[in-house]
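The sequence and the model come before the comments.

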Amino acid sequence: MGAYSNTIQLDTEDANIEYAMMCGEGELIAYYPLPNNYSQNQSEYSVCRIKNDSLIGETLLKAKEIGTQNIHYPFLHYQIALLDNQYFFISVLSNELFVYEGGQIMPGYYVNIPENEPSEDFIEEHKDLNFFELVETLKKK
């Protein structure tokens with residue numbers, strides 16, 4: 001059991017957090033699901049910091065240009081990992097492993113899995129499909 005500290009508010013635009021982890025002093029790293037009809041997140045990851053009595057989110061990694069329409073689906077079950085005092089992040093439809101350092105998220109490693117990651121052009125061309133239709137299209141192509 002911990003000691004009660006205070007009550008803070010979360011802005012509506014930062015609400016819909018799928019998973020979060022405390023990182024550093026007073027920083028909460030938040031992962032958001034892909035946008036859907038109920039939540040149009042602009043971030044896939046953000047860092048939330050306490051300002052006055054509110055948690056204010058700042059985008060670390062923008063959300064993908066695809067959505068899940070009327071479905072809220074947790075694509076990633078282990079979005080953030082702590083290993084040897086480093087925080088690692090994965091992203092939907094990406095082979096990059098990101099690292100959080102100095103208040104920023106940056107590419108750390110690239111997992112070489114051939115033909116697993118769709119190009120930005122492919123995602124842009126098919127952005128009107130929902131995620132599940134996009135996956136089926138990827139399988140066919």
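1. Does phenylalanine 88 count as buried or exposed? This is a predicted model, and in it the relative accessibility of phenylalanine 88 is 10%, so the residue counts as buried, the cut-off for that class being under 20%.

2. On confidence, the average pLDDT of the protein is 77, and 78% of the residues reach a score of at least 70. Among the elements, the highest mean pLDDT, 89, belongs to β8, whereas the lowest, 63, belongs to strand β1, which covers residues 9-10.

3. Four strands make up an open sheet with antiparallel pairing, in the order β6-β7-β8-β9. The edges are taken by β6 (80-83) and β9 (104-110), and each of these has a single partner strand, so one side of each is left without a neighbour in the sheet. Direction ignored, neighbouring strands of this sheet are turned against each other by 35 degrees on average.

4. Within that sheet, strand β7 (residues 86-90) and strand β8 (residues 96-101) run antiparallel and are joined by four bridges. Phenylalanine 88 has valine 99, in β8, as its bridge partner.

5. The count of aromatic pairs comes to four. In one of them, tyrosine 31 and tyrosine 45, the ring centres are 5.3 Å apart and the planes stand at 50 degrees, so the pair is tilted; planes under 30 degrees apart would count as stacked, and those over 60 as edge-to-face. This pair links distant parts of the chain, since tyrosine 31 belongs to strand β3 and tyrosine 45 to strand β4, 14 residues apart. Tyrosine 31 is buried, with a relative accessible area of 1%, and tyrosine 45 also counts as buried, at 0% relative accessibility.

6. Phenylalanine 88 and tyrosine 109 form another tilted aromatic pair, with 6.2 Å from centre to centre and 40 degrees between the planes. Here too distant parts of the chain are linked, with phenylalanine 88 in strand β7 and tyrosine 109 in strand β9, 21 residues apart. While phenylalanine 88 counts as buried, tyrosine 109 counts as partly exposed, at 48% relative accessibility.

7. One aromatic cluster is formed by Tyr31, Tyr45, Phe89 and Tyr100.

8. A last point concerns glutamine 40, which is placed in the loop between β3 (27-31) and β4 (43-51). Glutamine 40 has a relative accessible area of 52% and is therefore exposed, the cut-off for that class being over 50%.

Note on methods:
Residues numbered from 1 in each chain as written. Predicted model: local features only at pLDDT ≥ 70, side-chain atom pairs only at ≥ 80, totals over all residues. Heavy atoms only, no water. Pairing = 2+ DSSP bridges. Helix = DSSP H or I, 4+ residues; strand = E, 2+ residues; numbered from the N terminus. Axes fitted to C-alpha atoms, helices over the stretch in contact; angles between N-to-C directions. pLDDT = per-residue confidence, 0-100. Buried < 20%, exposed > 50% of the residue type's maximum accessible area, 1.4 Å probe, protein only. Phe/Tyr/Trp six-rings, centres within 6.5 Å; stacked < 30°, edge-to-face > 60°.
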